[in-house]
Amino acid sequence: MKPLCRLELGVSLVEMMVGLAIVGILATLALPAMQNMIAESRVSAQADQLVAILNQARATAIKERRVETVCPAADANTAAACTGNAGDWSSGILISDATGVLHRAQVGQGLVLTSAATAASFRGTIGSAQAAVSWTICSPGVRQQQVDVSLVGRVSKRINAGVCQ
């Protein structure tokens, strides 16, 4: 009768170190791409939030048959009125009407939301906009995204070729 062979299970220390080295190299190569993907995702999420806010204001204007205004706020948490400043919308966004503020929204940290307009207003008849408005959403090193409101009130989003600085 032969003695039973002893099976050795597991990996040696050398094999484990080689495996860890390969995983480390792959992680080092993937990290920059992952960071860029996360930054682009944040910009896209902010653009989607702005589209939702604008569509909500338009729908409310039609439903309530009154003018609804989307405007920048000095502070999205506490502002009682629009700032009236064109340019930087990064402090927050308000939806308001003649009765006051209906909805508040914050802009993601590290993102820049800009527009030449001081507000976007939707009429209560068919939801048309009082003026065409565009916003640009940026984060350093990421492609710009743009949200537009046409004169008929249609809200659209697109990705621009330009990269934010």
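Which residue takes a positive phi in the hairpin of strand 8 and strand 9? In this hairpin, which has five residues between the strands, Gly153 takes a positive phi near 95°. The model is a predicted one, in which local features need pLDDT of at least 70, side-chain atom pairs count only at pLDDT 80 or more, and totals for chains, interfaces and linings use all residues. Residues are numbered from 1 along each chain as its sequence is written, and side-chain values use heavy atoms, with hydrogens and water left out.

Strands here are DSSP runs of E with at least two residues, and helices are runs of H or I with at least four, both numbered from the N terminus. Two strands pair if DSSP finds at least two bridges between them. Strand 8 (residues 143–149) pairs with strand 9 (residues 155–163) in the antiparallel sense over six bridges, and Gln146 stands opposite Arg158 in strand 9. Strand 7 (residues 133–138) also runs antiparallel to strand 8, joined to it by five bridges; here Ile137 faces Gln145. Four residues lie between strand 7 and strand 8 in their hairpin, where Gly141 in the turn has a positive phi of about 80°. Five of the seven residues of strand 8 are buried (under 20% relative accessible area, with exposed over 50% and partly exposed in between; 1.4 Å probe, protein chains only).

Elsewhere, four strands form an open antiparallel sheet in the order 4-3-1-6. Its edge strands, strand 4 (100–105) and strand 6 (120–122), each pair on one side only. Strand 1 (residues 68–72) is joined to strand 6 by three bridges, with Thr69 opposite Ser121.
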